[in-house]
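Take a moment to turn the model around before you read on.

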Amino acid sequence: MSALKRAGILPWILVAIVTGIACGFFFPESLSRIFFSFNEIFSQFLGFAIPLIIVGLIVPAIADLGHGAGKWLGITAAIAYGSSLFAGLLTFFAAKAVYPFLISVADKPDIATESSAGKGYLSQLEIPPVFGVMTALLLAFTIGIGLSLAPRGVIRKGFVEFREIITALIAKVIVPFLPLHIFGIFLNLTQTGEIAAVLSAVAKVVVFVLILEVIILATQYGIAGTVAKKNPFKALATMLPAYFTALGTSSSAATIPVTLRQTVAAGVSQPVASFVVPLCATIHLAGSMSKITAFAMAVIAMNGLTIPTAQMIGFIFMLGVIMIAAPGVPGGAIMAAVGILGSMLGFDDAMLGLMIATYIALDSFGTATNVTGDGAIALVVDKFARGDVGSPSEGADGFRARAEFDAETYMESVGGNRTATVI
């Protein structure tokens, strides 16, 4: 039991999937309906919590990045956001081209039947949210931008404390019950005869995602090598220890020492690496962007939905903002994205449950891509800091003073918790 606890949520998710499939073959209807009833309560609670999660995470994130952020914090955050956007857009267009051949019409399961075929005893239960998802997004941007322009005061401190409440809600309530929720989803998929089609499609998408993550890293280091005038293959090879460490830890924070060491070994100055690596462990989630986009496109294809290209691109731009604000708890990235998956793409409870399960099952690969890409960003920022790409030359000492101030200010503003990232 202690070994499973140290390993995190992933083993529990895998156990939930396997046991859900196995129990689906012999569970009587009366017993199954107990688990379906839990799913109904959990789904309603998620619907209630999602707007609060959006407000609680995005408001302080925007306020933190905007208030006295400093040039290097702004530059690093902009590059990280651009890298995440690239990963999401690349995944979208690649999936749009490949999925019609990868996921055939005959393989499309009717996942939506999960909410109708697997009825529990509490199907009439309703827990309405305080406000809608889009209202929450607009409210978060409005307040966050306002706080970034105002002096630090009681309101900002209140939202920072509210973020702590939301982070605790995700870490101590939502995430611990996710395996039971996923068990119920796969139990129902098995009993409705859809599980074979789902697993077949998911296996194809897993291979697709892994290939894409190689392309994303190659592109990141190709650009970084061109800007920094370094061999991109050598730089990427230098960062491989960080990649494999992240595969084992599934944690950006736990991998920071290795990422920092390899980033310096790749030729980045110590002051730049010491600033960029911990910061990007929080805000650079290119691998997570790719995973969420790929599986969202798969769910869309599996259900025969039609989502306009402009709508998907808007979703990806919004997802990039959500990723920067994602909490540093296991499954935090996908839980933060659930709101816009439902509001912008129209995903129902079953689709969201499948998204959560598949995301967490591949958690370590996304984390490995995230931290390895941090080295590429550090190479670019280091080149800017040396004054070789059109920015004023400050020298290593000047950057060190600015970076240390920005890093200290940033970590103080978030209570030192955001680098404890497992996403």
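At what angle do helix α13 and α17 pack, and how far apart are their axes? Helix α13 (residues 286–302) meets α17 at an angle of about 140 degrees, and the axes lie 6 Å apart. Axes here are lines fitted to C-alpha atoms, for helices over the stretch in contact, and angles run from 0 to 180 degrees between N-to-C directions. α13 is therefore oblique to α17. Under 35 degrees would be roughly parallel, over 145 roughly antiparallel, 65 to 115 roughly perpendicular, and the rest is oblique. A286, G287, S288 and K291 of α13 make the contact with D363, G366, T369 and N370 of α17. Contact means heavy atoms within 4.5 Å.

A word on the source. This is a predicted model, where local features need pLDDT of at least 70 and side-chain atom pairs count only at pLDDT 80 or more, while totals for chains, interfaces and linings use all residues. Residues are numbered from 1 along each chain as its sequence is written, and side-chain values use heavy atoms, with hydrogens and water left out.

Now step back to the whole chain. It has 18 helices and zero strands. Both are DSSP runs, numbered from the N terminus: helices are H or I with at least four residues, strands are E with at least two. Of the 423 residues in the chain, 53% are buried. Buried means under 20% relative accessible area, exposed over 50%, and partly exposed in between (1.4 Å probe, protein chains only).

Return to α17. In this helix (residues 363–385), 21 of the 23 residues are buried, so the helix is mostly covered.

Next, look at Q262 in helix α11 (residues 252–265). Q262 counts as buried because its relative accessibility is 10%. Its side chain reaches the backbone oxygen of T238 at 2.6 Å.

Finally, the rings. There are 10 aromatic pairs. Rings of Phe, Tyr and Trp (its six-membered ring) pair if their centres lie within 6.5 Å; planes under 30 degrees apart are stacked, over 60 edge-to-face and the rest tilted. Y243 and F244 are edge-to-face, because their planes stand at 85 degrees, with centres 5.5 Å apart. Y243 is buried at 17%, whereas F244 is exposed at 53%.

Conventions:
A polar contact is a pair of N or O atoms within 3.5 Å; within protein, one must be able to donate a hydrogen and the other to accept it, and residues adjacent in sequence count only if both atoms are side-chain atoms.
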